Amino acid sequence: MKRQLFTLFIFLDIMAGCHNNPKTTDNSTNATKASLLNDDDGILDKIKLPAGFHISYFARNVKGARSMTLGTNGTVFVGTRDKSVYALVDKNHDGVVDKLYTIADNLHSPNGVAFKNGSLYVAEISKVSRFDNIESHLSDPPKPVLVSDKFSDKEWHGWKYIAFGPDGKLYVPVGAPCNVCAIDENNFACIKRMNADGTDLELFAKGIRNTVGFDWDPKTKDLWFTDNGRDEMGDDIPADELDYAPKKGMHFGFPYCHEGDIPDPEFGKGHICNEFVPPALKLGAHVASLGMKFYTGTQFPKEYKGRIFIAEHGSWNRSSKVGYRVVSVKMEGNKAISSEPFAEGFLQGQKPLGRPVDVLVMPDGSLLISDDFADCIYRVTYSMQ
């Protein structure tokens, strides 16, 4: 035991010297792997999952970890609302990150990340850039190539989630620059899309207050997205929404109507909620529904196949906190039937231990969950053993 402790301290001392390198953090020693897996902050022990599911740390010390995307070679790219974009590499595929690279720094809320044809796309407040052949240059990232700078520089709801659709186009949302206000519907509170080179930017859907997560049904190829409801109407209304957009040109109600059936006290005058597309599912008021993905893996039990997993970041202006969990949505065809808790315990009483932001289905069927409060990424696996 003394020899093991001595070896552990040597490994930790060696690793401490790596922190002087701002571009790369090498977490490849057994000592660091052990520290990643250990629940020394007490969070993992408090997370409740359905029977047979297990949670561990995929990566720690990922400051402000938010949106995630997967590279061709298995690299997990992570955006933040601060200034950095990271790349995480699990070289030996044991479910724990070996190296963390800083791909870009000093950016303007680079929340959104997407990957296509070897390139990493990064969305800041007002622009989208591209880092080519990135997985071959993690330690020496190339200079970014501007894809488009045709977005507003307004910061309120200006951070973006981006993803490539089945049509090969990059989908880029622009949130409302307010809690609730009159807007230019063609440029705010909407989802736009464009070619991978930034050409042919067009409006896809509008009346969407702020979506920070969307995905396409793997069977129908239709778009689904989360939308955050407005504040200052009390604790219990309006609900966040899970919305379904099978075609271009749909209007989801903002700022005139909320959750499909509540007219806005000010902007709802002269409108009826039946004018707009109702939500596919109400998700609860102030839960801050963000990242979402259809489960396409095979590791989880068969009843989870095709379900939607949604990260609820949690309330900030409610008299008692709600959210702070991951839920799963049961589907029947193109209908969302109900949601139920999947991973909860990030909120203990009124004290947050973590705030889930995004989810990512990995090639082995495990589910990653990013957390910008605890600065980490969790990994959920299933095994009845």
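Author: H54 stands opposite T381 in β30. This is a predicted model, in which local features need pLDDT of at least 70 and side-chain atom pairs count only at pLDDT 80 or more, while totals for chains, interfaces and linings use all residues. Residues are numbered from 1 along each chain as its sequence is written, and side-chain values use heavy atoms, with hydrogens and water left out.

The strand names need a rule. Helices (H or I, at least four residues) and strands (E, at least two) are DSSP runs, numbered from the N terminus. Two strands pair if DSSP finds at least two bridges between them. Strand β2 (residues 53–60) and strand β30 (residues 376–382) are joined by 7 bridges and run antiparallel. Of the 8 residues of β2, 7 are buried, so this strand is largely enclosed by the rest of the structure. Here buried means under 20% relative accessible area, exposed means over 50%, and partly exposed lies in between (1.4 Å probe, protein chains only).

The next part is an open sheet of 4 strands, in the order β7-β8-β9-β10, with antiparallel pairing. β7 (112–116) and β10 (145–148) are its edges; each has a single partner strand, so one side of each lacks a neighbour in the sheet. On average, neighbouring strands of this sheet are turned by 30° against each other, direction ignored. For such angles, axes are lines fitted to C-alpha atoms (for helices over the stretch in contact), and the angles run from 0 to 180 degrees between N-to-C directions. Strand β9 (residues 128–131) is joined to β10 by 3 bridges, and the two run antiparallel. In β10, L146 is the residue opposite S129.

Another open sheet also has 4 strands, with the order β15-β16-β17-β21 and antiparallel pairing. Its edge strands are β15 (214–216) and β21, each of which pairs on one side only.

Next come the cores. A nonpolar core is a set of buried Ala, Val, Leu, Ile, Met, Phe, Trp, Tyr and Cys residues joined through side-chain atoms within 4.5 Å. The largest core has 26 residues, of which Y121, V128, I162, L170, V172 and M194 touch the most other members. At least two residues of this core come from each of β8 (119–123), β12 (170–174) and β13 (190–194). β12 gives the most, with 3 residues. Contact means heavy atoms within 4.5 Å. Leaving aside residues up to four places away in sequence, Y121 touches G112, V113, K116, V128, S129, I162, L170 and A196, among others. A second, separate core holds 25 residues, including Y295, F309, V359 and C376. C376 counts as buried because its relative accessibility is 2%.

A disulfide is a pair of cysteine sulfur atoms within 2.5 Å, and by this rule there are 2 disulfides. One joins C178 to C181, with 2.0 Å from S to S. The torsion about its S-S bond is about -75°, so this disulfide is left-handed. C178 has 7% relative accessibility and therefore counts as buried; C181, at 17%, counts as buried as well. The other joins C257 to C273, with S to S at 2.0 Å, and is right-handed, with 105° about the S-S bond. It links distant parts of the chain, 16 residues apart: C257 is in strand β19 (residues 257–258), and C273 is in the loop between β20 (262–263) and β21 (281–285). Both C257 and C273 are buried.

Last, confidence. pLDDT is the predictor's confidence in each residue, from 0 to 100. The protein chain has a mean pLDDT of 91, and 89% of its residues reach 70 or more. Over residues 1–35, pLDDT stays under 50. Where pLDDT is low, the predicted coordinates should not be read in detail.
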